[in-house]
Every structure is written in C-alpha cells, then in structure tokens.
Amino acid sequence: MGKILVIGCGGVASVAVHKICQNDEEFQELCIASRTVAKCNALKEKLQNTTKTKITTAKVDANNVADLVKLINEFKPDVVLNLALPYQDLKIMDACLETGVHYIDTANYEPEDTAKFEYKWQWAYRERYQKAGLTALLGSGFDPGVTGVFSAYALKHYFDEINYIDILDCNAGDHGYPFATNFNPEINIREVSAKGSYWENGKWIETEPMEIKRVYNFPEIGEKDMYLLHHEELESLGLNIPGIKRIRFFMTFGKSYLTHLKCLENVGMTSIKPIMYEGKEIVPLQFLKAVLPDPSSLGPRTKGKTNIGCIFTGKKDGKERNIYIYNVCDHQECYKEVGSQAVAYTTGVPAMIGAMLVMNGTWRKAGVYNIEEFNPDPFMEALNKWGLPWKVSENPELVP
Ligand SMILES: NC(=O)c1ccc[n+]([C@@H]2O[C@H](COP(=O)([O-])OP(=O)(O)OC[C@H]3O[C@@H](n4cnc5c(N)ncnc54)[C@H](OP(=O)(O)O)[C@@H]3O)[C@@H](O)[C@H]2O)c1
C-alpha cells in the first residue's frame, strides 16, 4: 500500500489514473497534479466513488522545481509518476532528488528548442540517485516500456543470446478525420518528421525521414505499410542486451496521414523555429497543435486495433531461433473501459504497473535505470492482469 503523485493530466495520465483507482489494494492515496487543475478535478469527480483510493488534486507548474518540491513535501508520496511532457523530466527528477522520492516516467527528456531526444541528460543523474538511495525508472510506457520488458523476458526465457530485434508499432485505428495525431501532436510530429535511424554493430545508421518502408502482415490486423523511425528505446537496448547486432523500430502510417504531413512540412507548419506573426512570436508547430483535433476527443470515434511487439532473432542451445512477442489492443474496448483510445491505454497501463512495482518494492534499486534492467516477470504477469495480455509466437514472418 502506498501513495502516488501523478504529474500531468492528459491522455496517458487519464488512463494511468483509471488503472491506479482500479488497483486500490496497492494505491491507497493518489494526488493528480497538473497545469490545468480543472482537468484533475474532473477526473477525481468521475472516479472517486468507484474506488477505495483516496484522491486529491493540485495545481503545479512542473517547469518550476520549487513549486514541485512544495507539493511533494505537502503530499509526501512514495513515488512520483511523471506523465507531463518530456520537457519537464529533468525538473521533476530534480524535485524527487530534493525530496527523497522515487521517480517513474514514460518518455525521455527532450529540450524544447531542439527536436532531439536522448538518454544522456537523464543518465547523468545516476550517481545522484544512487547516493540518495532512490530509484528512477525511465520509460515505463509501451514503446519505450513494454518493448524493453519483452526484450528482457525473451532474453531470460527464450534465448542464450539475442542478435536482432525489430520493434513493430502498428495502429490500425481509424478516427475518421483526414489528419489527427493519436497523442500530443507536438511530440508526435517532432518524432515522425525527424530523421530515421537504427542501431547496427555498435553504430547508428541514419536515414532520411520515412526513407525505409516495409509491408508487414500483422496478426489480428492484416497487411500494413510501416516505416523505420528513430525511437528512444533503441539507445538503451543497444547497451543493455548483450550480443545484439541490430535493432530497428517501425511504425505504421496510412497514406492520408503521410500526405498531410508532407504538405504541412512543405509549407513550414511543422517547424519548431519561432516566427513573428502580427507582432507576436509563435512556434508554427504549436499553432498547428491548436488547430488539430485534441487527441482526447478521438476516443469515441476510433475503431480498430493496435498491435505492438518485438520480433527477436537469436540463439538457443547453439540453434537459431525466432520469436514474436506482441499485444493486440482494441480501441473501442479501451474506450468502453476507461474513456480513452488504445494509444493512451497502451501507455497508461504500463505506467501504472511500473509505478506499482517501484512503490511496493518489487523493483527497487538505487540509481537511474531503463526498464529492461529489471526482472521482467512481475511486469509481464501484471500486463496480463491489468488489460494488456501478450502472446508469444514462434517462427513469425520476419522483416526483410
Ligand atoms: N512510452 C510510450 O509508449 C508513450 C506513448 C505516448 C506518450 N508518451 C508520453 O506520455 C507523456 C504524456 O503524453 P500525453 O499524450 O498524455 O500528453 P498530453 O495529453 O499533452 O498531456 C500532457 C499533460 O501534461 C501537462 N503539462 C504540460 N506542461 C506542464 C507543466 N509545465 N506543468 C504541469 N503540467 C504540465 C498538460 O497540462 P494541460 O492539461 O494544461 O495541457 C497535460 O495535462 C508524454 O511525455 C509523452 O511523450 C509515452
């Protein structure tokens, strides 16, 4: 039993909070704190009569360490679950260090003015967390998150050595809009309009955005076009999976999404460089975010499934082996259960699980760790229990 402070109250936080309230044997008290406190209050209102978890709310500016420290000292949580934006990671890590509280997030730090996400800024906290006897668990969403847990699980139970990992993220959901993003549009567009890259023989190989395309026949979904992207777990898995020779990440995109994105890029709407507009400085991508559909409004409209998983190739007892571990999630079922579509659901559930394992001491070691550095078994068990059951298939179709 313990106390959790959730920071942020957007799409992912809403699912994590629903799951925390379902798991009221573990989470005795929850404080939902964010920039817009009205959203936290609305969520509290919706859930407080459905759970034994005691819910409070607070307003906090997560860019301000003093503000965070004050809130943490007042509420005294056992863990802080950071579900605000990647820009706030370091401030929240600072506040956790200052107050002596464990830290969990789902996305690595990214400076607001450069679209470049890397672990180096958060890994630089290792010694300070070690000295303070605190655990920082990085990347407890789906990808990163469950993909790292799948990798650790495959290594533990199926292989002596893993040589190749292909992470496949397929969203076959249809929301009926010509163009909308399934999570925060600014973060999503920064990710997909960046150069692609994959990790091979200890080096990064860079590609143009969307340069590498493959078609894959996804279980329970069918054939989809997918494109190679850079993704943050490639960096940590490249270091943490011994014997690895290559890791790639592919995400599916429909034709309409790509055509719209190209057009927006061509006219400068996806730029993060500030411009002057009628005497005021604006960032084109932030303006675009303001005119696009709010991802939280997609829930009731989105139909179809997601399939996210990893294909592993490696050796067991001297022989080559291939396995595919994946989860299939249905947008409408997620909406029925927690009022959100599957993209938020597949991130919010693992965020709750990671926070639970750190809070109850199952995953506790002093320092800053990526998720694949912990024993995967309790997490895999919890995925089945909390709504993201997974399957293992031997000899799957491989990605050329
Ligand atoms: N690992 C994965 O699989 C995965 C997948 C998807 C997303 N993510 C990550 O999950 C996180 C949340 O994503 P989302 O889609 O839920 O985003 P979102 O809907 O935009 O929610 C972000 C929340 O953070 C709040 N916030 C922003 N700046 C703040 C500040 N300075 N102080 C306090 N609160 C602040 C926002 O407040 P307002 O309500 O006032 O805007 C909003 O409630 C992001 O870091 C994203 O990268 C991870």
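This is a predicted model: local features need pLDDT of at least 70, side-chain atom pairs count only at pLDDT 80 or more; totals for chains, interfaces and linings use all residues.

Q: Fine. How do the residues of the shell around the ligand divide?
A: Into 14 nonpolar, 12 polar and four charged.

Q: And which residues are closest?
A: Gly8, Gly10, Ala62, Ala107 and Gly141 are the closest of the 30 residues that surround the ligand.

Q: Which helix gives the most to that shell?
A: Helix H1, residues 11-22, which contributes three residues.

Q: Where does the ligand lie relative to the domains?
A: Between them, because domain 1 (2-138) and domain 2 (146-338 + 387-394) both give residues to the shell around the ligand.

Q: How far apart are the domain centres?
A: Taken over C-alpha atoms, the centres of domain 1 and domain 2 are separated by 24 Å. Each domain puts 12 residues into the contact. On the side of domain 1 that touches domain 2, six residues are nonpolar, four polar and two charged.

Q: Switching to helices. At what angle do H3 and H4 cross?
A: Roughly 45°, with the axes of H3 (residues 65-75) and H4 (residues 89-99) coming within 9 Å. That makes H3 oblique to H4.

Q: Left-handed or right-handed?
A: The crossing of H3 and H4 is right-handed.

Q: Which residues make the contact?
A: From H3, Val65, Leu68, Val69, Ile72 and Asn73; from H4, Lys91, Ile92, Asp94, Ala95, Glu98 and Thr99. By class, this contact of H3 with H4 has six nonpolar, two polar and three charged residues.

Notes
Residues are numbered from 1 along each chain as its sequence is written. Domain bounds come from an automatic or database domain assignment. Two residues are in contact if their C-beta atoms, placed from the backbone, lie within 7 Å. Ala, Val, Leu, Ile, Met, Phe, Trp, Tyr, Cys and Pro count as nonpolar, Asp, Glu, Lys and Arg as charged, and the others, Gly among them, as polar. A residue is near a molecule or strand if its C-beta atom, placed from the backbone, lies within 6 Å of it. Helices (H or I, at least four residues) and strands (E, at least two) are DSSP runs, numbered from the N terminus. Axes are lines fitted to C-alpha atoms, for helices over the stretch in contact, and angles run from 0 to 180 degrees between N-to-C directions. Angles under 35 degrees count as roughly parallel, over 145 as roughly antiparallel, 65 to 115 as roughly perpendicular and the rest as oblique. A crossing is left-handed if the near helix is turned anticlockwise from the far one by less than a right angle, and right-handed if clockwise.
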